Amino acid sequence: MDPEPTRFRLVNPNRLRMLMERTGSGCSISGRALAAAVEVPHGTIDHLLSGAVKTQPAHVAYAISDTIGVDHPVLWAPVGRAVPAEDDLPPHIAAAP
């Protein structure tokens with residue numbers, strides 16, 4: 001049996017939203033355009049932005065970062081003991097108020 005693929009947790013949905021407004025190229029990108037570029041359903045991006053979905057497989061997380069034009073750790077933390085997939089983030093990772 002193959003191990004589960006590595007998953008990454010979106011650290012802050014508001015940061016994703018902000019970076020979509022001004023990507024690395026200086027342009028904005030809509031949720032639908034980002035979803036198309038990453039080749040995921042647009043609902044995936046909507047759910048990440050709303051906080052309904054917190055994690056994505058590594059290939060999706062990296063594709064989102066690459067499309068927006070930011071380094072991967074700006075948006076994502078690897079899921080594991082220090083970063084739970086669904087529970088509250090530990091204080092050293094939690095988003096600033």
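The legends below describe close-up views of a predicted model. Local features need pLDDT of at least 70, side-chain atom pairs count only at pLDDT 80 or more, and totals for chains, interfaces and linings use all residues. Residues are numbered from 1 along each chain as its sequence is written, and side-chain values use heavy atoms, without hydrogens and water.

**View A. Three strands form an open sheet in the order 2-1-3.** The pairing is antiparallel. Strand 2 (55–57) and strand 3 (76–78) are the edge strands; each has a single partner strand, so one side of each lacks a neighbour in the sheet. From one strand to the next, the twist averages 35 degrees. Strand 1 (residues 7–10) pairs with strand 2 over three bridges, in the antiparallel sense. R7 stands opposite P57 in strand 2. Strands are DSSP runs of E with at least two residues, helices are runs of H or I with at least four, and both are numbered from the N terminus. Two strands pair if DSSP finds at least two bridges between them.

**View B. Helix 4 (residues 58–68) packs on the sheet.** Helix 4 touches strand 1, strand 2 and strand 3 (contact: heavy atoms within 4.5 Å). The direction of helix 4 makes about 100 degrees with that of strand 2. Axes are lines fitted to C-alpha atoms, for helices over the stretch in contact; angles run from 0 to 180 degrees between N-to-C directions.

**View C. The structure holds one aromatic pair.** The ring centres of F8 and Y62 lie 5.7 Å apart and the planes stand at 80 degrees, so the pair is edge-to-face. Rings of Phe, Tyr and Trp (its six-membered ring) pair with centres within 6.5 Å; planes under 30 degrees apart are stacked, over 60 edge-to-face, the rest tilted. The pair links F8 in strand 1 to Y62 in helix 4, 54 residues apart. F8 is buried at 8% relative accessibility. Y62 is partly exposed at 39%. Buried means under 20% relative accessible area, exposed over 50%, partly exposed in between (1.4 Å probe, protein chains only).

**View D. Helix 1 and helix 3 (residues 42–50) pack at about 125 degrees.** Their axes are 7 Å apart. Helix 1 and helix 3 are therefore oblique to each other (under 35 degrees is roughly parallel, over 145 roughly antiparallel, 65 to 115 roughly perpendicular, the rest oblique). P13, L16, R17 and M20 in helix 1 meet I45, L48, L49 and S50 in helix 3.

**View E. N14 lies in helix 1 (residues 13–21).** N14 is exposed, with a relative accessible area of 52%. The C-alpha atoms of N14 and G51 are separated by 9.3 Å.
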